[in-house]
Amino acid sequence: DWTPASFIEDTVGQLREKLGNDQVVLGLSGGVDSTVTAVLLSEAIGDRLHCIFVNNGLLRKDEFEQVLKQYEGMGLNVKGVDSSEQFLSQLAGQKDPEEKRKTIGRVFIEVFDEEAMNIEDVKWLAQGTIYPDVIESVSVNGPSATIKSHHNVGGLPDFMKLKVVEPMNTLFKDEVRRVGKELGIADELLGRHPFPGPGLAIRILGDITPEKVAILQEVDHIFVQGLKEHGLYDQVWQAGAILLPVQSVGVMGDERTYEQVVALRAVESTDGMTADWVHLPYTFLAEISNKIINRVKGVNRVVYDISSKPPATIEWE
Ligand code: XMP
């Protein structure tokens, strides 16, 4: 019978046998799959697992520092690489969603490749692939998905020539969470909403600037913290804010303002393939809207997205 404990025992044994004394590299995204994969591998081979966590400058507010600290607290051998400037400068002026995704994928591979190849004698690339990724090849999660969708562009980067180890590729998402819990990973990490690999880049419609990223990080933070404080976070499958390329007229004191509009999105879903917008309480929406407009300079209007998928998608880009 499958239990998280028996899975861990069997897999750790198999990993030790397979990997021996080899060095292994893994890209952490902050998401559930890569985190559980890392802890499992670290049980098996300790510090011969080298984790790399890249800041692409498009994460949530303070996420890079906080998640890195959590990883270190879990005893993972992790290197945080802040490549924000590199990502943002390569993205400058790009408006098209697919072009932005390609740029982010390319820069990620450049950064990851350089870091991976600095690890002496590295033989293996570990990936947080789970069973649904195997059957559909569409993943909502960071680096492994990014690598997969970009590895055929312009020849293989060096790290792609490594042998691949994917210890969770037989598991479904709920099993991954159970294994993670059994491994002692905090509920806070295991219950995190999915977050797209390109991050806030696909929630800033049109071109990206550091100022827009900063505005959206504040808005998103107020919304997500509010969901947590009101006990709504775990009832929602995914939530976030979108910065629209629209300015609207407002009024502050006797002054007319002409500022940005943000949209809030919260959906219920099981796998991201279909999704319904969440009927968040009006009182909650009113509080969040006031907080955003009062606290975030440059935003004077908040709208709530009441579209379901299909025909809308979860992301706006
Ligand atoms: P859509 O917008 O297609 O999103 O309804 C479905 C799920 O996929 C996530 N998503 C992405 N994840 N790279 C990712 O890693 C991407 O380019 C990407 N686009 C969408 C989205 O956040 C949702 O969970």
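Biologist: What pLDDT does the chain average?

Modeller: This is a predicted model, and its confidence can be given for the chain as a whole. Of the residues, 94% score at least 70. The model also scores ipTM 0.99 and pTM 0.92. The average pLDDT of the chain is 94.

Biologist: How many Å separate the centres of domain 1 and domain 2?

Modeller: The domain assignment of the chain gives domain 1 as residues 4-190 and domain 2 as residues 209-304. Their contact takes six residues from domain 1 and seven residues from domain 2. On the side of domain 1 that touches domain 2, three residues are nonpolar, one is polar and two are charged. Taken over C-alpha atoms, the separation of the two centres is 29 Å.

Biologist: What is the order of the strands in the open sheet of five strands?

Modeller: Strand β1 (residues 23-28) pairs in the parallel sense with strand β2 (residues 49-55) over five bridges. Four bridges join β1 to strand β4 (residues 122-126), again in parallel. Three bridges then join β4 to β5, which also run parallel. The order of the open sheet is β3-β2-β1-β4-β5.

Biologist: Which strands are the edge strands of this sheet?

Modeller: An edge strand here pairs on one side only. Neighbouring strands of the sheet are turned by 30° against each other on average, direction ignored. The edge strands are β3 (78-82) and β5 (163-165).

Biologist: At roughly what angle do the axes of helix α4 and helix α5 cross?

Modeller: Two packed helices are described by the angle between their axes and the distance between the axes. Helix α4 covers residues 84-91 and helix α5 residues 97-117, and their axes come within 10 Å. The crossing of α4 past α5 is right-handed. The angle is roughly 145°.

Biologist: How many residues of the contact of α4 with α5 are nonpolar?

Modeller: From α4, the contact is made by Q86, F87, Q90 and L91. From α5, K100, T103, I104, V107 and V111 take part. Three residues of the contact are polar and one is charged. The number of nonpolar residues is five.

Biologist: Which residue is joined to P310 by a cis peptide bond with omega of about -15°?

Modeller: Most peptide bonds are trans. P310 lies in the segment after β9 (299-304), and P311 is also placed in the segment after β9. The peptide bond from P310 to P311 is cis, with omega near 5°. The bond with omega of about -15° joins P310 to K309.

How values were computed
Residues are numbered from 1 along each chain as its sequence is written. This is a predicted model: local features need pLDDT of at least 70, side-chain atom pairs count only at pLDDT 80 or more; totals for chains, interfaces and linings use all residues. Axes are lines fitted to C-alpha atoms, for helices over the stretch in contact, and angles run from 0 to 180 degrees between N-to-C directions. Helices (H or I, at least four residues) and strands (E, at least two) are DSSP runs, numbered from the N terminus. A crossing is left-handed if the near helix is turned anticlockwise from the far one by less than a right angle, and right-handed if clockwise. Two residues are in contact if their C-beta atoms, placed from the backbone, lie within 7 Å. Ala, Val, Leu, Ile, Met, Phe, Trp, Tyr, Cys and Pro count as nonpolar, Asp, Glu, Lys and Arg as charged, and the others, Gly among them, as polar. Two strands pair if DSSP finds at least two bridges between them. Domain bounds come from an automatic or database domain assignment. pLDDT is the predictor's confidence in each residue, from 0 to 100.
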